[in-house]
Amino acid sequence: MRTKTLRSVSLEVVAILVALVVFVVPFVFMFLTASKDEFESADLKFSLPTDWAVVDNIKEAFAARDGMLLTAFKNSTILTVVSVAILVVLCSMVGYVIQRRPGRVANLANILVISGLIIPPAVVPTIWVLQQMHLFKTLPGLILVEVAYQMAFCVLLFRAFVAAIPRELDEAAMIDGCTGLNLFFRVIFPLLRPVTITVILTSSVFIYSDFVNPLYFLPGDENATVQLTLFNFLSQFSTQYNLLFMDIVLVTLPPLVLFIFFNRKIVAGMTSGAVKG
Amino acid sequence: MVTSVTPSQTRTTGPRGDAGAGRPTRKQARSGGARNLRARTYSYWFYAPAAVIYGLIFLVPTVIAFYYSLTRWTLFDSEFIGLDNFRQFFSEQSLVSGLKNTLIYAVLTSGLKVVLGMLFAVLLTGPIRSRGLLRSVVFFPVLVSTVAVGITFSVLLQPDFGLVATVLSKVGITSPDWLGDPSLALLSVALVDVWKGVGLATLIYIAGILAIPKDYYEAVDVDGGSAWTKFRNITLPLARPATFTVILLSLIGGLRSFDLIWTMTGGGPGFSSDVIASVIYKQYQAGFYGLATAGNVVLFVMVSLIIFPLFRYFNSKEVES
């Protein structure tokens with residue numbers, strides 16, 4: 001019995017060490033490089049900085065390119081908040097009717113949802129459509145794109161949750177003369193709160209971290225999103241690794257904060273949505 | 001206080017027996033007025049705003065892509081050139097290698113995610129005290145932006161001063177040029193992709209393993225079976241739905257993968273790590289919009305040929321078991 005516990009303890013120690021080295025060291029490296037001065041960071045060594053230059057680097061990273069990073073944070077915030085708000089309202093409505101009113105229309109909607117999860121979007125034709133609407137290279141255009149691409153995933157989450165709300169509730173409300181949008185937003189939507197939180201968290205992480213869509217649909221330095229600044233800094237600061245990595249650290253902070261507070265919710269959203277799909 | 005009522009609580013208060021049980025018969029008993037009420041309550045208008053955005057931004061481009069892939073296109077006018085774009089796609093060496101690399105990358109990353117995800121999940125559902133912490137540590141990279149991961153690893157993998165090379169040289173191994181060697185570049189990026197994505201696979205497997213009834217394992221204990229027997233005969237077959245999910249998700253992600261490759265190698269050296277998505281971006285940047293759209297159509301066909309049959313196959317298997 002003792003050898004067994006000894007073995008499991010040593011297995012545990014090995015597992016923790018390997019996980020720390022493989023999964024934590026890259027993040028420590030980001031932080032250490034972001035804290036060094038320009039000269040020292042160029043060595044790319046995994047070492048403690050001799051002088052901690054955290055504050056200076058933050059200031060410099062924000063000051064670079066006429067404060068592009070600040071604009072980018074503003075853009076990313078608007079992009080994420082507005083897209084997620086639209087997604088929550090529209091997808092909860094769709095998930096509700098798909099679940100409550102089965103039939104040919106719901107089948108078609110379900111097929112479209114599955115297709116949305118699988119089919120890679122056609123990029124250049126989308127640019128053409130946005131151009132016809134005069135929305136190409138604008139934040140509203142990018143918001144529409146993010147909403148369209150995240151929709152399938154959010155509808156799935158809502159649909160699964162609506163199935164757990166008894167129909168009797170709808171019927172009781174109908175008897176009281178409450179129908180349509182009124183019924184949905186007064187009675188059903190408040191009950192969806194747990195899944196709404198999950199949808200908000202997971203889709204904000206996806207949209208905030210998105211790089212490909214801003215690259216295609218919102219090009220140009222003046223209205224970059226934070227993910228684009230990383231890419232721009234990469235070309236500009238190829239010698240100033242401290243600033244490049246400070247940018248990485250700053251951009252990684254929001255998801256880290258969300259993860260610390262809502263770990264379980266985020267995991268639930270990502271795995272449940274996945275399993276249903 | 002409606003907001004605080006969770007669905008599971010309200011379920012018990014509802015007259016479940018009489019109202020819920022007769023759902024099919026109730027439909028027949030309904031008068032035209034009731035059906036009208038149903039149509040008003042669950043109105044198809046609820047679909048409308050979502051349908052407009054989804055239709056305009058996703059469906060319309062997907063459909064018109066088939067036409068524009070047959071043209072030489074400047075976004076303002078287009079000239080029909082038949083299958084020329086596709087001919088170019090399947091004859092030019094740089095584009096053909098993109099097709100091949102996409103398949104290698106997708107199969108490699110999803111295979112590794114299945115194996116490692118399963119391994120981590122078994123370890124992290126075992127009697128380890130720090131499993132909560134370890135789960136978080138493995139999962140966090142999933143949330144970090146791909147570009148940040150890409151930049152960090154291209155620095156860590158630098159051939160001379162990079163951390164990986166330094167560590168390897170301490171144990172007496174000369175580190176290869178991970179991203180600069182044409183035969184290694186795609187593989188290196190795929191490994192970083194696995195590093196970033198394996199946390200999701202692990203958590204899907206953990207959910208699958210935790211759903212397996214404990215009695216099965218106890219039965220093996222009674223029979224005196226080993227841990228390997230448990231894994232081979234219980235965990236592996238009963239976690240099959242999780243395996244299907246992991247394969248589907250990572251194939252879908254792997255086939256359209258772009259950002260990690262673009263930040264780490266830019267498709268290089270040469271065309272050695274180009275995939276369809278990076279080829280599309282390059283053609284787009286060069287102004288060959290028709291050719292880029294043809295690339296999109298190729299990707300569409302490839303994804304459809306691989307994913308939809310798999311999807312149906314997995315669904316039929318899940319019904320069986």
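Helices here are DSSP runs of H or I with at least four residues, numbered from the N terminus. The model shown in these views is predicted.

**View 1. The largest cavity and the residues around it.** A search of the whole structure finds one cavity of 30 Å³ or more. The largest cavity holds about 50 Å³ of space. Its lining takes in A:P120 and A:A122, together with B:T62, B:A65, B:F66, B:N296, B:V297 and B:F300. In chain B, α5 (48-68) and α17 (289-320) each supply at least two residues of this lining. By class, the lining of the largest cavity has six nonpolar residues, two polar residues and no charged ones.

**View 2. Packing of helices α8 and α11 in chain B.** Two packed helices are described by the angle between their axes and the distance between the axes. For helix α8 (residues 131-143) of chain B and helix α11 (residues 185-210) of chain B, the angle is about 125° and the axes lie 7 Å apart. α8(B) and α11(B) are therefore oblique to each other, and α8(B) passes α11(B) in a left-handed crossing. On the α8(B) side, the contact is made by B:R135, B:V138, B:F139, B:P141, B:V142 and B:L143. On the α11(B) side, the contact residues are B:W195, B:K196, B:G197, B:V198, B:G199, B:L200, B:T202, B:L203 and B:I206. Ten residues of this contact between α8(B) and α11(B) are nonpolar, three are polar and two are charged.

**View 3. Packing of helices α6 and α9 in chain A.** Helix α6 (residues 139-162) of chain A and helix α9 (residues 193-209) of chain A cross at roughly 155°, and their axes come within 10 Å. Angles over 145 degrees count as roughly antiparallel, so α6(A) is roughly antiparallel to α9(A). The crossing of α6(A) and α9(A) is right-handed. From α6(A), the residues A:E146, A:Q150, A:F153, A:C154, A:L157, A:F158 and A:F161 take part. They meet A:P194, A:V195, A:T196, A:V199, A:T202, A:S203, A:F206 and A:I207 of α9(A). The contact of α6(A) with α9(A) divides into ten nonpolar, four polar and one charged residues.

**View 4. Packing of helices α7 and α16 in chain B.** The axes of helix α7 (residues 93-124) of chain B and helix α16 (residues 276-285) of chain B cross at roughly 145° and come within 8 Å. B:L95, B:G98, B:L99 and B:T102 of α7(B) make the contact with B:I276, B:V279 and B:Q283 of α16(B). Four nonpolar and three polar residues form the contact of α7(B) with α16(B), with no charged residues.

Technical notes: Residues numbered from 1 in each chain as written. Chains lettered and ligands numbered in written order. Predicted model: local features only at pLDDT ≥ 70, side-chain atom pairs only at ≥ 80, totals over all residues. Heavy atoms only, no water. Axes fitted to C-alpha atoms, helices over the stretch in contact; angles between N-to-C directions. Parallel < 35°, antiparallel > 145°, perpendicular 65-115°, else oblique. Left-handed = near helix turned anticlockwise from the far one by under 90°. Contact = heavy atoms within 4.5 Å. Nonpolar A, V, L, I, M, F, W, Y, C, P; charged D, E, K, R; others polar. 1 Å grid on protein atoms, 1.4 Å probe; cavity = no way out; pocket = protein on both sides within 12 Å on 5 of 7 lines; lining within 4 Å. Points joined across faces, edges and corners; volume = space filled by probe spheres on them.
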